[in-house]
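Subject: Structure handover

Hello,

Here is the structure you are taking over.

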Amino acid sequence: MTTAVLDAPAARTGHDTVPLPRLLAAELRWIFRRPRTLAVLGLLALIPVVIGIGLTLVDDNPNAGGGPDEGGGALLASAVNNAFVLPIAAIVMSLALLLPLASAMAGADAIAGETSHGTLRGWLIAPVGRGRLLAVKAFGVATVSVVSVLAMCVTGVVTGLIINGTDSLFTLSGTTLSLGGALARILLVAGWVVLQLWAVGAVALALSSWTEHPMLVVASVLAGDIVFTILGFLTSLDWLHPFLLTQNWSMAPAEVLQDPMGTQMLGEGALRAACYIVIGLSLAYARLSTRDG
């Protein structure tokens, strides 16, 4: 339990006396001991493998079951025989639901989950500042986001190289990349996606601070994700699109697949996510600072 780190005698003598590394380590142990966290991470890591095998079967028999364009779109079709595109395509597909689910679950469990179990009160009555408490919880959510994306990157790259070999690293413009160059671009996409997930996690933390029902937080975040996506398709609401977190989630990562590489949508998406992070964490802190238990 994370509250165990708050029971030391030294913690009763002053404010913020519990060492921060100890708090962070306890939070990570609490997070990665949850079976649902491990289950989601395992599922995410498996997705690139399943996609890679599926694309291999489609490539071997292109007339069976239609083709990749019918199910996965142009990006998924471009991943056939391309070890560079495979991990990026898998991440983009998962960004529609599963990756935000991982961050939403982490944010919901961080505060609402501990409230429902009665363990958050130990944090609130112990000499741990509310800002430090939120920082520890935000660190846990951020770690889940990083691990989720990195797990997909690792299995995606390994699967792509095993199936297609190191000579299959080429952009959609037709230029061939070195292994180092391909990995650098994949990590750029991974960093951008992690930033989007941090924004989702910040929103989840804000909602989590107002309720003791973690499933309500998860449902609200995923419902917002769906609503934002639908609003993004409505051309009559073009004025609203720059404010939607999910705007260009399916297109911005594709900029790294071109040569020369584009950065406009990536930059806009990063700035938008940073704004959501600031707003989400500010709302969470405002609630925690007035909360007694």
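**What was found**

About 40 Å³ of space lies in the second largest cavity. Please keep in mind throughout that this is a predicted model.

The second largest cavity is lined by Ala83, Val157, Leu161, Leu169, Leu179, Ala182, Leu183 and Ile186. By class, these are 8 nonpolar residues, with no polar and no charged ones. Two helices, α8 (130-164) and α9 (179-208), each supply at least two residues of this lining. The largest share, 4 residues, comes from α9.

The count of cavities of 30 Å³ or more comes to 2. The largest cavity holds about 60 Å³ of space. Around the largest cavity are Ile31, Arg34, Thr37, Val40, Leu41, Ala102, Met105, Ala106 and Val144. That lining divides into 7 nonpolar, 1 polar and 1 charged residues. At least two of the lining residues come from each of α2 (35-60) and α6 (98-117).

The largest pocket has about 410 Å³ of space. Its lining has 21 residues, and the closest to the pocket centre are Thr229, Phe233, Thr246, Trp249 and Ser250. Three helices each supply at least two residues of the lining: α4 (73-78), α5 (85-94) and α10 (214-233). Of these, α10 has the largest share, with 5 residues. By class, the lining of the largest pocket comprises 12 nonpolar, 8 polar and 1 charged residues.

The volume of the second largest pocket is about 160 Å³. This pocket is lined by 13 residues, and those nearest its centre are Val203, Val221, Gly224, Asp225 and Leu245. Two or more residues of the lining come from each of α9 and α10. Here too α10 gives the most, with 5 residues. The lining of the second largest pocket has 9 nonpolar, 3 polar and 1 charged residues.

Some helices turn up in more than one of these places. Helix α10 supplies at least two residues to the lining of the largest pocket, and α10 also gives two or more to the second largest pocket. Helix α9 gives two or more residues to the second largest pocket and at least two to the second largest cavity.

In general, two packed helices are described by the angle between their axes and the distance between the axes.

On the α8 side, the contact is made by Arg130, Gly131, Leu133, Leu134 and Ala138. On the α11 side, Leu281, Ala284, Tyr285 and Leu288 take part. The residues of this contact divide into 7 nonpolar, 1 polar and 1 charged.

Regards

Key. Residues numbered from 1 in each chain as written. Predicted model: local features only at pLDDT ≥ 70, side-chain atom pairs only at ≥ 80, totals over all residues. Heavy atoms only, no water. 1 Å grid on protein atoms, 1.4 Å probe; cavity = no way out; pocket = protein on both sides within 12 Å on 5 of 7 lines; lining within 4 Å. Points joined across faces, edges and corners; volume = space filled by probe spheres on them. Nonpolar A, V, L, I, M, F, W, Y, C, P; charged D, E, K, R; others polar. Contact = heavy atoms within 4.5 Å.
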